[in-house]
Amino acid sequence: METTLAETPQKRQVIFLVILLFLWEAGSEAIRYSMPEETESGSFVGNLAKDLGLRVGELATRGARIHYRGNKQPFQLDIKTGDLLLHEKLDREVLCGATDPCILQFQLLLEKPVQFFQVDLQLTDINDHSPEFLDREMLLKIPENVQPGTVFPLKTAQDLDIGSNTVQNYSISPNPHFHVVTHHRGDGRKYPELVLDKALDREEQPELSLTLTALDGGAPPRSGTTALRIEVLDINDNAPEFLQSLYEAQVLENSPLNSLVVTVAARDSDAGTYGNVAYTLFQGDEVTQPFVIDEITGEIRLKRALDFETTQYYNVEIAATDGGGLSGKCSVAIQVLDVNDNAPELTLSKVASSTPENSPETVVAVFSVSDPDSGDNGRMVCSIQDDIPFLLKPTFKNFYTLVTERPLDRESRAEYNVTITVTDMGTPRLKTQHNITLLVSDVNDNAPAFTQTAYTLFLRENNSPALHIGSVSATDRDAGANAQLTYSLLPPLDPQLPLASLVSINADNGHLFALRALDFEALQAFEFRVGATDRGSPALSSQALVRVQVLDANDNAPFVLYPLQNGSAPCTELVPRAAEPGYLVSKVVAVDADSGQNAWLSFQLLKATEPGLFGVWAHNGEVRTARLLSERDAAKHRLLVLVKDNGEPALSASVTLHVLLVDGFSQPYLPLPEVAADQAQADPLTVYLVIALASVSSLFLFSVLAFIAVRLCRRSRAAWVGGCSVPEGHFPGHLVDVTGTGTLSQSYQYEVCLTGGSGSNEFKFLKPIIPNLPPQGAIKEIEGITTFGNNFGFN
């Protein structure tokens, strides 16, 4: 592009205004450059950055690129300087043929943001082709009686150049008979005609050999020659004449071979052989010409397939020659009609392989479409599937951008296959499809989620340290590092709970381990929270509640609360010989520190002095008489009771119970028989003195007491309770409350009555009354029973 600066200030102002207008319209109008064809590759075409009004380096930052149809890239762009350079030599004749002007259109694409600019390069013709005749020799048959001034048409030379560089003049080698006249056609081309200057004489010269020269208007000019041979014929005074000087025809580009295109006809008034007309292609290049003519009928038929996209018009010249050598000429204009035989073409300029999720409208691809057909056959419609969140937006001429319709969610769909369909409007409709695979890259937008909001784990006590007690599991819908989870223990809800010494968690897989052995009796259950954190940025986390339930193991044997087994004198239970079967002798009270069935206790009589006399109830530990007592039964009995829990394996404890059969409860203190016997043997004199003193005293007291007893018995008949008469103020009855815990099912209160008139103070009876009193502590039960024994002199 050349710009001439004027010297005057007025001209400079005008030029400056024109430049401003050009820069203002640069975004909407095409930028035009011009240069000669065959310019060497690497040559400077223009500075796009300057002509577009862009800053230096802006092309690089905005991702500028040149888009040209097809796969060829005749241009290269230096994005640093903005210079547009030729990538290869450009041949105008190859690119444009006979089209004038020859304009190459391409686009400058800026990606950030997307913007297009139209750039046109006009290739000017240089004189790089010489005129060429299709035939190396032309033959003219001219009758000898042709008058001077007769004109004979000659074949034209072909020159691929255009304008002044094409054929401008024809000349013939010097001779006395002919000269050549150059004429202009309506389309601008020039053709030669041979003019007879002097009559021919066949007898004098039957044949002439001349040279026809075609000269173009280049600088320097180029030329081409062909041989012109003229045969002089006998007289034939009528040349053939066509019915029309111009024939017009149309033919579809997909017409089959040998199809009839048009028929031409010529008449010759001569008779005989001079009136027979033969048709030929006057401009007959059988190599490039897709038509053939029947020399007899004048039918023009198709001999080679046509292509509307290559050539749309053909001008064919037909010659009709009679038998005498005279000829006439006509022109046939054949128009090739387009059919929809080309599918649309799609050219991608930019395509993204992935896009992050949750992003707003994002450009995925930039592409252009083209169709070499014409009319409706070249009009195109672009579309994509309806079930994907993408849109096609037209941007510049036949350019489109594929953009996201809304933010994408990778967790819903991680990959999209977008099929771009380009369909033309021809009949039948042709289409082209192109598939684009787009991956949605992950963003850390999902927190981990535990499979359960709360976990319950069971652990049997006395476990081994580092025992795996269970696992927690969480999932993350994200991918990659955003889905890699780390598990941890959160601070306990109870600050008194030593969580760090109880359990630990594997940070990678969520496995939970007990750090030390647990004791059910000390800790039955505890709760803590676990957290799962991903490795995204920023990291997201969630938590779940874990409850560990310690299961009981049978690791505690039963403990007997009553009778006490503390190494002191054994407790002796007194049973009247008049007791009925089932009489409650005592109750073994025991507890078990375990729970559940491990704490279910059962009682069993292992050993007895006299089997069958006493029995132990298995469920409550009550020791009862099994039958009536008799005088033959021993006074002392030793019972061994086994207390066993229901664990696996079962643990047990045993207790020894001493039972003394008595005839009554009249004595406040009743020593064991063996003790009394030992004392009697140790001091018989003392015994005798005591007996004597007691006898004397008894006689006196008996008289007094008998009188008092008679009086008191009369007054205290109403005081009998259950057959027991107790004088007021004399040995009052004691109520001993025996309550139990553990296996005791009832509370018992014992009433002790002493006979008022008995000198030996024997027990009258012992039986339970008033059951189901409110239970007291097990220790109170033992203390009450102990108090009961102490009151009556038992150790």
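## Ground rules

Let's begin with burial: a residue is buried at under 20% relative accessible area, exposed at over 50%, and partly exposed in between, using a 1.4 Å probe and protein chains only.

What you are looking at is a predicted model, where local features need pLDDT of at least 70 and side-chain atom pairs count only at pLDDT 80 or more, while totals for chains, interfaces and linings use all residues. Residues are numbered from 1 along each chain as its sequence is written, and side-chain values use heavy atoms, with hydrogens and water left out.

## Around Pro-576

Pro-576 belongs to strand 44, residues 572-576. (Strands here are DSSP runs of E with at least two residues, helices are runs of H or I with at least four residues, and both are numbered from the N terminus.) Leu-629 is 53 residues away from Pro-576 along the chain, yet their C-alpha atoms are separated by 8.5 Å.

Now for some pairing: two strands count as paired if DSSP finds at least two bridges between them. Four strands make an open sheet in the order 1-7-6-3, with mixed pairing. Strand 1 (31-36) and strand 3 (65-67) sit at its edges; each has a single partner strand, so one side of each has no neighbour in the sheet. From one strand to the next, the twist averages 30°; such angles run from 0 to 180 degrees between N-to-C directions, with axes fitted as lines to C-alpha atoms.

Strand 3 runs antiparallel to strand 6 (residues 102-111), and three bridges join the two. Look for His-67, which stands opposite Gln-107 in strand 6.

## Strand 33 and its partners

Strand 33 (residues 431-441) is joined to strand 27 (residues 354-356) by three bridges, and these two run parallel. Pro-356 has Ser-441 of strand 33 as its bridge partner.

With strand 32 (residues 415-424), strand 33 runs antiparallel, and nine bridges join them. In that pairing, Val-422 is partnered by Thr-432 in strand 33. Strand 32 and strand 33 form a hairpin, with six residues between them.

## Cysteines

How many disulfides are there? If a disulfide is a pair of cysteine sulfur atoms within 2.5 Å, the count is one. The bond joins Cys-96 to Cys-102, with an S to S distance of 1.8 Å. Its S-S torsion is about 60°, so the disulfide of Cys-96 and Cys-102 is right-handed.

Are the two ends buried or exposed? Cys-96 is buried at 17% relative accessibility, and Cys-102 is buried at 0%. Elsewhere, Cys-330 is buried at 2% and Cys-382 is buried at 16%.

## The second largest pocket

A pocket is an open set of points on a 1 Å grid over the protein atoms alone, with protein on both sides within 12 Å along at least five of seven lines; lining residues have an atom within 4 Å of a point. The second largest pocket has 38 lining residues, with Leu-139, Phe-282, Ala-319, Thr-321 and Ser-327 nearest its centre. Among the elements giving two or more residues to this lining are strand 10 (151-153), strand 21 (278-281) and strand 24 (313-321). Which element gives the largest share of the lining? That is strand 9, with six residues.

How values were computed. On a 1 Å grid over the protein atoms alone, a cavity is a set of points where a 1.4 Å probe fits but cannot get out, and a pocket is an open set with protein on both sides within 12 Å along at least five of seven lines; lining residues have an atom within 4 Å of a point.
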